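Trainee: Could we go through how some of the helices pack here? Please start with a pair of them.

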Amino acid sequence: MTPLQAKLHQLQQIYTRRDASWVTDFEGALDEVAMLGESACIPGLLRILDDGSEFDEVLFSIVHSVEGFPDSAYVPELLDATEDLAQRAPRWSRILYMRVLNNDSTRAVLSSELVRQPASTRAAVAGILADIRARRPELAGRVDDVSGTS
């Protein structure tokens with residue numbers, strides 16, 4: 001097991017623990033993962049996102065960690081995780097993609113990377129973007145920028 005895999009495993013165990021110190025321990029372990037500086041951690045972190053969690057603030061720590069990577073690393077990893085994430089945690093999928101839409105440089109990388117994705121990934125992203133458009137009409141122009149319908 002690589003150091004990154006070990007840290008991600010530890011993070012997952014802490015997340016499911018829910019004892020008195022789990023939040024503090026989780027934040028500390030997440031910091032350790034982020035300090036490794038390996039974009040390979042992004043899929044493992046995204047797998048922790050959980051629509052059933054009562055602890056959004058903890059999960060937003062994951063969002064902030066993955067967004068700390070360069071767009072050129074973050075966006076391809078997000079795209080790779082999208083099909084699973086859209087089925088397993090649709091709310092967090094919308095949150096991640098809304099945040100991408102609200103950042104000009106990240107949105108530009110998404111637009112350029114999306115065309116290179118398999119049809120199933122493009123379809124999953126299209127579904128998330130359609131959901132965002134329906135829920136947040138003020139983002140329609142940005143959705144169009146990504147989907148090429150502007």
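Mentor: Helices H5 and H7 are oblique to each other, a word for angles that are not under 35 degrees (roughly parallel), over 145 (roughly antiparallel) or 65 to 115 (roughly perpendicular). This is a predicted model, in which local features need pLDDT of at least 70 and side-chain atom pairs count only at pLDDT 80 or more, while totals for chains, interfaces and linings use all residues. Residues are numbered from 1 along each chain as its sequence is written, and side-chain values use heavy atoms, without hydrogens and water.

Trainee: At roughly what angle do the axes of H5 and H7 cross?

Mentor: The axes of H5 (residues 71-88) and H7 (residues 104-114) cross at roughly 50° and come within 9 Å. The crossing is right-handed.

Trainee: Which residues of H5 and H7 meet?

Mentor: Asp-71, Tyr-74, Val-75, Pro-76 and Leu-79 of H5 are in contact (heavy atoms within 4.5 Å) with residues of H7, including Val-109, Leu-110 and Leu-114.

Trainee: Moving to H2, which of its residues are buried?

Mentor: Trp-22, Phe-26, Ala-29, Leu-30 and Val-33 are buried, meaning under 20% relative accessible area, whereas exposed means over 50% (1.4 Å probe, protein chains only). They cover an arc of only 105° around the axis, so they lie on the same side of H2.

Trainee: Which residues are exposed on the other side of H2?

Mentor: Thr-24 and Met-35 are exposed there.

Trainee: And what covers the buried residues of H2?

Mentor: The cover includes helix H1 (3-17), helix H3 (41-46) and helix H4 (56-67).

Methods:
Helices (H or I, at least four residues) and strands (E, at least two) are DSSP runs, numbered from the N terminus. The arc is that of the directions from the helix axis to the C-beta atoms. Axes are lines fitted to C-alpha atoms, for helices over the stretch in contact, and angles run from 0 to 180 degrees between N-to-C directions. A crossing is left-handed if the near helix is turned anticlockwise from the far one by less than a right angle, and right-handed if clockwise.
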